[in-house]
Amino acid sequence: AVVSTQSTGNYYYFALFFLVQILAMAWKGTVLPYAGPTLAAEVSLLLLYALCEAIRLYLGNKGNLTEQPFPTVVFLLLTLPMTMAYVFTMLLQTYVLHLDAIMSYIGIGFCGLEFILGIVVLLQFSRSDI
(Lines give C-alpha, C1' and ligand atoms only; values in the text may rest on other atoms or scores of the structure.)
Protein backbone atom coordinates (compact mmCIF):
# COMPACT_ATOMS: atom_id res chain seq x y z
CA ALA A 1 0.00 0.00 0.00
CA VAL A 2 3.04 2.26 -0.15
CA VAL A 3 2.88 3.23 -3.82
CA SER A 4 -0.89 3.63 -4.25
CA THR A 5 -1.04 6.90 -2.30
CA GLN A 6 1.95 8.25 -4.20
CA SER A 7 0.54 7.19 -7.57
CA THR A 8 -2.80 8.81 -6.76
CA GLY A 9 -1.03 12.11 -6.16
CA ASN A 10 0.81 11.72 -9.43
CA TYR A 11 -2.46 11.11 -11.33
CA TYR A 12 -3.48 14.63 -10.39
CA TYR A 13 -0.08 16.10 -11.19
CA PHE A 14 0.05 14.26 -14.51
CA ALA A 15 -3.38 15.62 -15.49
CA LEU A 16 -2.26 19.14 -14.58
CA PHE A 17 1.05 18.74 -16.43
CA PHE A 18 -0.68 17.45 -19.56
CA LEU A 19 -3.25 20.24 -19.54
CA VAL A 20 -0.58 22.92 -19.06
CA GLN A 21 1.56 21.43 -21.82
CA ILE A 22 -1.37 21.38 -24.28
CA LEU A 23 -2.19 25.01 -23.46
CA ALA A 24 1.47 26.03 -23.68
CA MET A 25 1.87 24.31 -27.05
CA ALA A 26 -1.26 26.02 -28.34
CA TRP A 27 0.15 29.38 -27.22
CA LYS A 28 3.60 28.61 -28.67
CA GLY A 29 2.03 27.51 -31.96
CA THR A 30 0.18 30.80 -32.36
CA VAL A 31 2.87 33.19 -31.11
CA LEU A 32 6.23 31.60 -31.95
CA PRO A 33 7.54 30.51 -35.36
CA TYR A 34 7.99 26.77 -35.87
CA ALA A 35 9.86 25.23 -38.79
CA GLY A 36 7.85 22.73 -40.82
CA PRO A 37 6.24 19.88 -38.92
CA THR A 38 8.11 20.56 -35.67
CA LEU A 39 5.05 21.59 -33.66
CA ALA A 40 3.09 18.56 -34.86
CA ALA A 41 5.99 16.30 -33.89
CA GLU A 42 6.17 17.82 -30.41
CA VAL A 43 2.40 17.47 -29.91
CA SER A 44 2.63 13.83 -31.10
CA LEU A 45 5.41 13.17 -28.59
CA LEU A 46 3.28 14.72 -25.84
CA LEU A 47 0.35 12.45 -26.73
CA LEU A 48 2.64 9.40 -26.79
CA TYR A 49 4.06 10.49 -23.45
CA ALA A 50 0.54 10.84 -22.03
CA LEU A 51 -0.40 7.33 -23.13
CA CYS A 52 2.79 5.83 -21.70
CA GLU A 53 2.43 7.73 -18.40
CA ALA A 54 -1.19 6.62 -18.02
CA ILE A 55 -0.16 2.99 -18.57
CA ARG A 56 2.77 3.38 -16.15
CA LEU A 57 0.60 4.82 -13.38
CA TYR A 58 -2.10 2.20 -13.93
CA LEU A 59 0.42 -0.64 -13.70
CA GLY A 60 2.02 0.84 -10.59
CA ASN A 61 -1.35 1.06 -8.90
CA LYS A 62 -2.42 -2.41 -10.07
CA GLY A 63 0.84 -4.05 -9.00
CA ASN A 64 0.63 -2.44 -5.60
CA LEU A 65 -3.03 -3.24 -4.93
CA THR A 66 -2.78 -6.85 -6.14
CA GLU A 67 0.71 -7.29 -4.67
CA GLN A 68 1.95 -8.80 -7.92
CA PRO A 69 5.56 -8.15 -8.90
CA PHE A 70 5.13 -8.17 -12.72
CA PRO A 71 3.06 -4.97 -13.05
CA THR A 72 5.34 -3.29 -10.52
CA VAL A 73 8.45 -4.25 -12.52
CA VAL A 74 6.88 -2.90 -15.74
CA PHE A 75 5.96 0.27 -13.82
CA LEU A 76 9.60 0.63 -12.77
CA LEU A 77 10.87 -0.01 -16.31
CA LEU A 78 8.51 2.62 -17.76
CA THR A 79 9.85 5.17 -15.29
CA LEU A 80 13.01 5.63 -17.41
CA PRO A 81 11.20 6.70 -20.61
CA MET A 82 8.95 8.98 -18.55
CA THR A 83 11.97 10.62 -16.97
CA MET A 84 13.42 11.06 -20.47
CA ALA A 85 10.14 12.66 -21.58
CA TYR A 86 10.38 15.16 -18.73
CA VAL A 87 13.99 15.92 -19.69
CA PHE A 88 12.88 16.46 -23.30
CA THR A 89 10.18 18.85 -22.13
CA MET A 90 12.64 20.64 -19.89
CA LEU A 91 15.60 20.95 -22.27
CA LEU A 92 15.03 19.78 -25.83
CA GLN A 93 11.76 21.25 -27.07
CA THR A 94 12.05 23.91 -29.73
CA TYR A 95 10.86 26.53 -27.24
CA VAL A 96 11.11 25.85 -23.50
CA LEU A 97 9.19 28.10 -21.14
CA HIS A 98 10.20 28.53 -17.51
CA LEU A 99 6.90 26.86 -16.66
CA ASP A 100 7.92 23.83 -18.77
CA ALA A 101 11.18 23.52 -16.87
CA ILE A 102 9.63 23.91 -13.41
CA MET A 103 6.87 21.40 -14.09
CA SER A 104 9.40 18.96 -15.55
CA TYR A 105 11.59 19.20 -12.45
CA ILE A 106 8.56 18.37 -10.32
CA GLY A 107 7.67 15.46 -12.63
CA ILE A 108 11.20 14.08 -12.40
CA GLY A 109 10.90 14.31 -8.62
CA PHE A 110 7.67 12.28 -8.73
CA CYS A 111 9.34 9.68 -10.98
CA GLY A 112 12.31 9.39 -8.64
CA LEU A 113 10.13 9.05 -5.56
CA GLU A 114 7.89 6.50 -7.24
CA PHE A 115 10.92 4.52 -8.40
CA ILE A 116 12.28 4.35 -4.85
CA LEU A 117 8.87 3.41 -3.43
CA GLY A 118 8.42 0.82 -6.20
CA ILE A 119 11.70 -0.85 -5.21
CA VAL A 120 10.56 -0.86 -1.57
CA VAL A 121 7.26 -2.47 -2.57
CA LEU A 122 9.05 -5.13 -4.65
CA LEU A 123 11.25 -5.95 -1.69
CA GLN A 124 8.15 -6.29 0.49
CA PHE A 125 6.56 -8.59 -2.09
CA SER A 126 9.65 -10.81 -2.15
CA ARG A 127 9.73 -10.99 1.65
CA SER A 128 6.05 -11.93 1.86
CA ASP A 129 6.61 -14.82 -0.61
CA ILE A 130 9.15 -16.45 1.69
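This note walks through the helices, cores and surface of one predicted model.

1. Basis. The model is predicted; local features need pLDDT of at least 70 and side-chain atom pairs count only at pLDDT 80 or more, while totals for chains, interfaces and linings use all residues. Residues are numbered from 1 along each chain as its sequence is written, and side-chain values use heavy atoms, with hydrogens and water left out.

2. Helix H2. H2 covers residues 38-66. Helices here are DSSP runs (H or I, at least four residues), numbered from the N terminus. The expected span is 1.5 Å times one less than the number of residues. For the 29 residues of H2 that gives 42 Å, and the end C-alpha atoms are 42 Å apart, so the two agree.

3. The buried residues of H2 include Leu-46, Tyr-49, Ala-50, Glu-53 and Arg-56. Buried means under 20% relative accessible area, exposed over 50%, and partly exposed in between (1.4 Å probe, protein chains only). Leu-48 also lies in H2, but it counts as exposed because its relative accessibility is 54%.

4. Surface patch. Leu-45, Leu-48, Leu-51 and Ile-55 make a nonpolar surface patch of about 380 Å². Patch residues have over 30% relative accessible area and no salt bridge, and nonpolar side chains (Val, Leu, Ile, Met, Phe, Trp, Tyr) are joined within 5 Å. A salt bridge is a side-chain nitrogen of Lys or Arg within 4 Å of a carboxyl oxygen of Asp or Glu. Areas come from the Shrake-Rupley method with a 1.4 Å probe; for residues, only the protein chains shown count as cover.

5. After H2. Glu-67 follows H2 and sits in the loop between H2 and H3. Its phi is positive, about 55°, although Glu-67 is not a glycine. Glu-67 is exposed, at 52% relative accessible area.

6. Main core. The largest nonpolar core has 14 residues; Tyr-13, Phe-14, Phe-17, Tyr-49, Tyr-86 and Met-103 touch the most other members. Helices H1 (2-31), H2, H3 and H4 (98-129) each give two or more residues to this core. H1 gives the largest share, 5 residues. A core is a set of buried Ala, Val, Leu, Ile, Met, Phe, Trp, Tyr and Cys residues joined through side-chain atoms within 4.5 Å.

7. Second core. A separate core of 7 residues includes Phe-75, Leu-78, Leu-122 and Phe-125.

8. Contacts. Contact means heavy atoms within 4.5 Å. Leaving aside neighbours within four places in sequence, Met-103 is in contact with Tyr-13, Leu-16, Phe-17 and Val-20. Thr-89, in helix H3 (residues 69-92), is buried at 9% relative accessibility. Beyond four places in sequence, Thr-89 touches Phe-17, Gln-21, Val-96, Asp-100 and Ser-104.

Terms used. Patch = residues over 30% accessible without salt bridge, like charges linked within 9 Å, V, L, I, M, F, W, Y side chains within 5 Å.
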